[in-house]
Amino acid sequence: MSALLAKRLGAIVMISIALAGVLFYLQKISPLDPVHARLGGQASASAVAAERHRLGLDRPEFTQFVDYVRGAVHGDLGDSYRTRRPVSTDLRAYLPATAELALSGLLIAMVLGVLLAFATTLRWKASSVLRPVLLLGASTPTFLLGIAGILLFYSKLHWLPATGRSSLADVPGGPTGLITVDALLHGRFDVFWDAVQHLIMPATAIALGPAVAIARVLRSSLVSDQRSDYARTARAKGLSEPAILIKHVLRNCVGAALSMTGLQVGLMFAGVLVIEQVFSWPGIGQYVAQSIPVADFPAISGVTLLLGVGYVVINTVVDLLQAVADPRIKV
Amino acid sequence: MTRATTTSYKALAALSVGAVALTACSSSSGGGGAASGSKAPLDKVLHLSFLQDPGQPPDPDIYYAGEGLILTTNTYEGLLTYKTGTATPTIEPALATKYTVSADSKTFTFTLRPNVKFHDGTPFTSAAVKASFDRRSAVNQGPAYMVSDVASVTTPDPLTAVITLKHSNSAFLTYLACAYGPKMMSPTGLASNKGKDNDQTYLTTHDLGTGAYTLTEAQVGSKYQLKAFDGYWGAKPYWQTVELPVVTDSSSQQLQFNSGSLAAILHDIPSSAVASYLANKKVSSYTLPSMISEYFYVNPSRGLLKEQTNRTALLKALDVDAIVKQTYFGRGTKAEQVYPANVMPAKYAKQEIPKDTAPLKAIVSAAPAADKAMVVGYDSSQPDSQIVANLVSAQLGALGLTVKVQSFPTSEVFGWVGNPKGAPDMLATPGWPDSPSPYTWGHISFDADGGLNYLHCSSPQATALYAKALQSGSPDDYSAAAAAASATGCWDNMVNITDFMVAQPWLKGVENAHTVSNPNTLILAKLSA
């Protein structure tokens with residue numbers, strides 16, 4: 001395991017440096033001018049020059065790059081040109097919202113994925129409804145699902161709120177930043193329920209695609225292992241099909257589904273970035289969407305590095321989980 | 001001042017606008033909001049919203065865009081202000097009760113309002129005038145130019161402040177009264193929160209003003225909140241709390257308004273929704289006077305357009321009436337002056353670009369094929385400008401030109417001011433002046449060193465006339481400068497855009513809370529139910 005962790009740590013370092021290098025090259029060749037955009041039309045030439053110097057943009061690119069990497073190692077990702085706060089501070093403010101949304105989406109995807117896999121494998125009657133509904137959802141663009149959800153569940157039925165993370169004014173401010181978790185830690189069930197209501201639509205919108213992908217892989221493994229010798233033996237002992245699947249087959253099949261889950265988490269982050277716009281979800285997707293038009297390179301770089309590192313970490317966790325689920329897999 | 005970047009996902013929003021429009025007429029209660037569509041909230045909490053985060057801190061020495069003005073203009077006050085509820089810019093006393101101006105427009109003496117308190121409880125005196133002017137210079141961001149010509153601020157007594165300029169400036173009073181002008185900040189607060197950045201960090205989430213409201217919450221990208229200031233010197237506001245969550249999608253914002261969760265939408269309502277709201281009798285629509293213009297720029301360093309006669313022919317060939325009708329229906333009119341509407345009385349600075357396609361047809365028929373291909377650009381954050389660019393492309397296409405429409409990010413458009421490489425042949429983008437002085441628009445747009453002179457066109461004659469007009473303040477001088485700039489064929493003030501807002505019928509005082517020079521915002525203390 002330590003070898004895997006060392007390898008993945010190395011990957012994080014290499015990916016981070018490569019991403020930072022690519023971003024700096026793009027910044028160099030880009031015609032965008034964050035200083036003029038930041039100061040506006042009336043700014044004098046001396047104010048523009050002073051600001052360019054203050055931001056360090058008048059130094060050679062290589063020097064800027066080395067300083068950036070050095071700062072990043074110490075957790076300093078520079079200051080956002082737009083919010084004028086340290087990018088690390090901004091990420092700490094925005095990341096919990098994205099994490100809560102992504103984790104909720106992942107949870108829904110896994111539950112729906114397993115449900116669909118079992119329903120189709122065991123040929124439950126419900127699968128004839130569940131399957132086309134999920135397939136339709138998965139083949140619909142995420143933003144369209146979001147908008148359709150708002151129109152139906154907010155505008156017409158008035159069941160769910162349209163935007164934001166909470167409608168309440170006195171939401172507990174910590175310690176995790178995940179409102180659902182913080183609400184439970186503070187014993188605030190009203191806040192918890194309110195936050196869950198806000199999560200349902202965006203989390204479901206990003207979960208449908210991954211749910212179908214997970215279900216497909218899991219179902220394929222389940223069907224294959226259902227015909228294996230050990231399943232046949234269990235059947236001969238008189239166990240029911242659901243019991244065989246849950247007690248014997250599932251654990252053998254979960255590895256492939258976990259791999260797919262790891263891949264889907266990466267795709268889910270892409271979905272999160274779009275869905276945050278639709279639901280005014282104050283996460284890193286919204287942060288980066290507002291940073292791009294004004295060429296806020298420190299913010300864009302910070303988010304990119306965070307997503308790159310996050311992807312490696314998630315896949316490492318998936319590898320470890322696979323080993324836990326199936327002892328035949330060595331890490 | 002160009003319109004702030006409001007959303008990078010407006011294209012996405014546009015996809016859903018049609019669906020939202022269908023629901024716009026079904027204003028009903030519910031939807032998880034605090035207010036129903038037909039009844040005012042009893043808790044005196046006003047629910048508004050931002051479409052995208054304001055993008056810059058609510059610090060009046062930094063904030064230099066549009067939608068965030070609702071924060072800076074309601075928490076801070078200047079020495080002077082502009083009268084609300086009128087299309088004619090009229091300077092009124094604010095924290096100064098009266099003033100005198102020397103004959104050479106260099107010395108301004110202000111008598112300050114007594115018994116005014118800052119939000120931190122300290123009294124407003126002349127010391128605040130000096131501290132506030134000093135801070136604006138020290139921070140040195142976009143609006144700092146307004147105090148760059150100040151030679152001294154003296155304080156003979158606690159209720160008198162004397163500002164002396166290095167040069168005559170007939171526009172100085174307009175700087176003091178406008179939304180981006182110097183605002184008074186508590187010297188005590190400035191000193192105790194100065195840090196290493198002249199209070200910039202502190203003023204990201206707090207305020208140090210005297211306004212009717214104080215900033216009580218500022219979660220960047222998520223929500224802002226204002227609360228009525230008990231110690232305000234003026235009439236006490238009706239609304240005790242103003243909630244301003246950040247909504248990132250226009251269609252979601254409209255749905256929340258339609259269901260009664262929001263009291264009003266103050267800015268950036270898409271063209272497609274405007275007609276729907278105008279026809280909806282269940283909501284109140286306001287077409288308020290503003291100084292916003294859709295401006296059209298022509299690049300004098302590109303192909304055919306290097307010739308002044310060709311540029312003029314191109315501008316004459318555009319059917320601006322059709323552009324206004326198809327883009328700004330219900331909230332815009334064809335501009336008749338070189339400056340944005342309401343900057344000068346209608347008889348001054350007339351723009352004479354009569355429609356005539358024949359000259360351009362003749363030029364195009366004789367031009368080499370390479371010169372017939374052009375690019376018309378627009379700011380990618382401005383969906384209305386995209387429509388304008390599309391219409392221009394179609395109109396010029398019919399005359400033999402091949403005009404490609406291309407979007408450019410805001411930061412790239414601003415970047416052309418320093419480096420014009422990559423700039424298009426033509427550009428459509430909206431904007432408004434910082435103050436109602438023709439100088440603030442003419443200088444930044446038409447002078448060679450102007451910050452909005454994106455395509456680097458200028459006229460020495462116009463520059464000289466602007467320098468003269470700044471000293472004299474004469475409308476005739478500003479008209480002459482405008483005529484010289486217009487003669488270059490580089491600009492067409494196409495559309496006078498109004499501030500289009502929608503509100504629940506119970507929200508009273510919207511028209512009287514609007515200031516012609518302050519786009520996208522209202523003076524909240526003038527609203528009631």
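So, Glu243(B): it's buried, at 13% relative accessibility. By buried I mean under 20% relative accessible area, with exposed being over 50% and partly exposed in between, using a 1.4 Å probe and protein chains only. Before I go on, this is a predicted model, where local features need pLDDT of at least 70, side-chain atom pairs count only at pLDDT 80 or more, and totals for chains, interfaces and linings use all residues. Residues are numbered from 1 along each chain as its sequence is written, chains are lettered from A and ligands numbered from 1 in the order in which they are written, and side-chain values use heavy atoms, leaving out hydrogens and water.

Which side chain does Glu243(B) meet in a salt bridge? That's Lys223(B), at 3.5 Å, N to O. A salt bridge here is a side-chain nitrogen of Lys or Arg within 4 Å of a carboxyl oxygen of Asp or Glu. Glu243(B) sits in strand E11 of chain B and Lys223(B) in strand E10 of chain B, so the pair ties together parts 20 residues apart in sequence. Lys223(B) is buried too, at 16% relative accessibility. Helices and strands are DSSP runs, by the way: H or I with at least four residues, or E with at least two, numbered from the N terminus.

Staying with Lys223(B), its bridge partner is Gln219(B). Strands E9(B) and E10(B) run antiparallel and are joined by six bridges; two strands pair if DSSP finds at least two bridges between them. In the hairpin, three residues lie between the strands, and Gly221(B) there has a positive phi near 85°. Strand E9 of chain B is largely enclosed by the rest of the structure, because five of its seven residues are buried.

Next pair: Asp384(B) and Arg331(B) form a salt bridge at 2.8 Å, N to O. These two link distant parts of the chain, 53 residues apart, with Asp384(B) in helix H12 and Arg331(B) in the loop between helix H10 and strand E14 of chain B. Asp384(B) is buried at 11%, and Arg331(B) is buried at 5%.

Over in chain A, Arg54(A) and Glu51(A) meet in a salt bridge of 3.5 Å, N to O. They're three residues apart in helix H3 of chain A, so about one helical turn separates them.
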